Amino acid sequence: MITSSTLDLYTEFFGLEKRPFSLVPDPHFVFWSELHQRAYAMLEYGILTRAPITLVTGEVGAGKSTLLFHFLRHAGEDLRIGLVANAHGDRGELLHWVLLSLDQLPEAGASYVQLFRQLQTYVIEEYAQGRRIVLIFDEAQNLSRESLEELRMFTNINSGSDELLQLVLAGQPELRETVRHPSLRQFAQRVAASIHLPAMDAEMVSHYLAHRLAVAGATQEIFTPDAAALMHASTGGIPRLVNQLADLAMVYAFTYNLKTVGREMVQQVLDEGAFFGVREPDTQILMLHQSMRKKAD
């Protein structure tokens with residue numbers, strides 16, 4: 001029976017110091033795949049070259065927020081960063097979100113023009129102190145075309161070769177389609193850096209599992225190659241889904257007193273419906289993996 005102390009027992013059972021596949025972001029577990037390294041390099045490129053607008057897109061759970069939080073932790077003192085998460089509302093409300101993200105209390109009863117002037121004054125004052133403003137919008141796919149056009153107007157604060165304010169928009173793949181809409185042609189023209197985080201392939205999922213387990217204190221292999229292959233096929237290689245399925249598979253293995261998680265254990269988790277993020281397994285991936293196993297044998 002699984003008790004309230006199961007999580008502690010499961011880590012102790014596998015000889016781990018901490019739970020390796022928690023869904024809570026933990027910088028100690030950041031997995032810098034080649035994809036994420038390139039994406040972060042592009043993000044830095046956008047900031048260093050003072051790109052007016054940088055886009056960061058990827059599927060849910062692909063690692064966009066991890067990328068952004070890593071950037072926030074390592075940003076230089078010459079940057080003043082405002083983070084707006086899941087902003088919504090009309091034209092004036094977006095400006096309120098922006099001011100609050102910069103710790104600037106919007107003037108009570110102020111008109112839109114007055115609020116914009118407040119933002120402009122603050123940006124110029126920061127620039128005079130040798131700092132640039134970077135506004136990061138997470139879940140930006142929820143912004144309307146009207147809101148995106150308003151954000152473009154914010155970059156008008158910049159003058160000549162001096163970039164006082166930069167925008168970073170992170171969101172799901174549909175954000176790219178929205179930006180390509182004819183009505184946002186001027187917005188798209190200011191996108192100087194674009195980053196897309198694809199899902200992990202099967203080999204990368206295997207490395208991802210090994211990395212997180214090693215950080216948690218594992219000294220031996222826990223997931224078999226077959227188990228890792230099925231997890232990739234069932235999650236599409238999305239890190240957040242891989243975490244969910246791996247965590248459940250380890251709990252199942254613990255209840256069976258098994259210190260190795262094989263394909264059958266992962267399949268049982270899927271068959272019993274414990275994993276809600278399941279995707280239809282990619283049969284081509286499974287057939288390719290089985291073919292490779294036969295050649296190896």
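This is a predicted model: local features need pLDDT of at least 70, side-chain atom pairs count only at pLDDT 80 or more; totals for chains, interfaces and linings use all residues.
Local features need pLDDT of at least 70 and side-chain atom pairs count only at pLDDT 80 or more, while totals for chains, interfaces and linings use all residues. Residues are numbered from 1 along each chain as its sequence is written, and side-chain values use heavy atoms, leaving out hydrogens and water.

Met-204, Val-205, Tyr-208, Leu-209, Arg-212 and Leu-213 are its buried residues (under 20% relative accessible area, 1.4 Å probe, protein chains only). They fall within an arc of 165° seen down the axis of α9, so they line one face of the helix; the arc is that of the directions from the helix axis to the C-beta atoms. Gly-217, with a positive phi near 110°, follows α9.

Ser-234 lies in α10 and counts as buried because its relative accessibility is 0%. Two polar contacts (N or O pairs within 3.5 Å, one able to donate a hydrogen and the other to accept it; residues adjacent in sequence count only if both atoms are side-chain atoms) are listed here.

| Side-chain atom | Backbone atom | Distance |
|---|---|---|
| Asp-201 oxygen | Glu-203 nitrogen | within 3.3 Å |
| Ser-234 polar atom | Leu-230 oxygen | 2.9 Å |

The largest nonpolar core has 39 residues (buried Ala, Val, Leu, Ile, Met, Phe, Trp, Tyr and Cys joined through side-chain atoms within 4.5 Å). Helix α11 gives the most to this core, with 10 residues.

Notes. Buried means under 20% relative accessible area, exposed over 50%, partly exposed in between (1.4 Å probe, protein chains only). Helices (H or I, at least four residues) and strands (E, at least two) are DSSP runs, numbered from the N terminus.
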